[in-house]
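Have it open while you read, and I'll start with one of the charged pairs.

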Amino acid sequence: MLVDVKIQPVVGAEDLPLPRQMTAGASGFDLLAAVETEVRLERGERKLIPTGIRLEMPIGLEAQVRPRSGLALKYGVTTLNSPGTIDADYRGEIGVILINWGETAFMIQRGERIAQLVFQTVPSVRLIPGADLTVTERGSGGFGHTGK
């Protein structure tokens with residue numbers, strides 16, 4: 001299924017390439033840092049990093065901001081609030097909340113790949129109040145109730 005999503009660079013980010021899938025089988029589109037100058041992310045620090053893009057998605061679609069595994073493994077840098085949800089009616093610049101769990105400060109350069117954007121369909125759901133819910137074997141067990 002092919003879905004059209006409009007993308008627009010924000011003012012000041014026209015020089016950056018648009019997000020793209022790095023391989024034919026990639027699920028995510030790489031998001032780039034649209035920082036004006038190099039940004040230092042200290043150990044344990046989190047910052048909102050601009051991507052320089054805005055989207056227009058059809059209703060029934062969402063975009064999820066997810067970490068890049070290479071940054072997480074090599075540097076301990078990942079996305080906070082992951083996956084971050086971008087709703088179909090949001091028209092502002094996409095930002096990525098990065099956090100540095102690594103051993104040393106991490107430098108973010110303009111145009112560096114910092115996260116990935118994965119698109120998902122969202123079903124239309126109607127919540128129906130109900131006096132009784134169906135009984136199951138699991139019941140209200142959660143948070144590790146089946147073991148470690």
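1. Begin at Lys47 and Glu45, whose side chains form a salt bridge with N and O 3.8 Å apart. By salt bridge I mean a side-chain nitrogen of Lys or Arg within 4 Å of a carboxyl oxygen of Asp or Glu. Lys47 is partly exposed at 28% relative accessible area, and Glu45 is partly exposed too, at 25%. The cut-offs: buried is under 20% relative accessible area, exposed is over 50%, and partly exposed is in between (1.4 Å probe, protein chains only).

2. Before going on, a word on what you're looking at. This is a predicted model, where local features need pLDDT of at least 70 and side-chain atom pairs count only at pLDDT 80 or more, while totals for chains, interfaces and linings use all residues. Residues are numbered from 1 along each chain as its sequence is written, and side-chain values use heavy atoms, with hydrogens and water left out.

3. How many salt bridges does the structure hold? There are four. One of them joins Asp15 to Arg110, with the closest N and O atoms 2.6 Å apart. Asp15 is exposed, with 55% relative accessible area, whereas Arg110 is partly exposed at 31%.

4. Glu42 and Arg40 make another salt bridge, 2.4 Å from N to O. Glu42 comes out partly exposed at 35%, and so does Arg40, at 43%.

5. Now the overall fold. The protein chain has one helix and 11 strands, where helices (H or I, at least four residues) and strands (E, at least two) are DSSP runs numbered from the N terminus. Reading from the N terminus, the order is β-β-β-β-β-β-α-β-β-β-β-β. The radius of gyration of the protein chain is 19 Å, well over the 15 Å that the globule rule gives for 148 residues, so the chain is more spread out than a compact globule. (That radius is taken over C-alpha atoms, and the rule is 2.2 Å times the number of residues to the power 0.38.) Along the principal axes, the C-alpha atoms fill a box of roughly 55 × 40 × 30 Å.

6. Of the 148 residues, 30% count as buried. Among contacts between residues at least 6 apart in sequence, 71% join residues at least 24 apart; contact here means heavy atoms within 4.5 Å.

7. Ile53, in strand E5 (residues 53-56), counts as buried at 4% relative accessibility. Beyond residues up to four places away in sequence, Ile53 touches a set including Ile7, Val10, Leu18, Leu31 and Ile94.

8. Is Ala33 buried or exposed? Ala33 is buried, at 0% relative accessibility, and it is found in the loop between E2 and strand E3 (39-41). Leaving aside neighbours within four places in sequence, Ala33 is in contact with Arg110, Leu16 and Ile114, among others. Ala33 and Pro50 are 17 residues apart in sequence and 6.0 Å apart in space, C-alpha to C-alpha.
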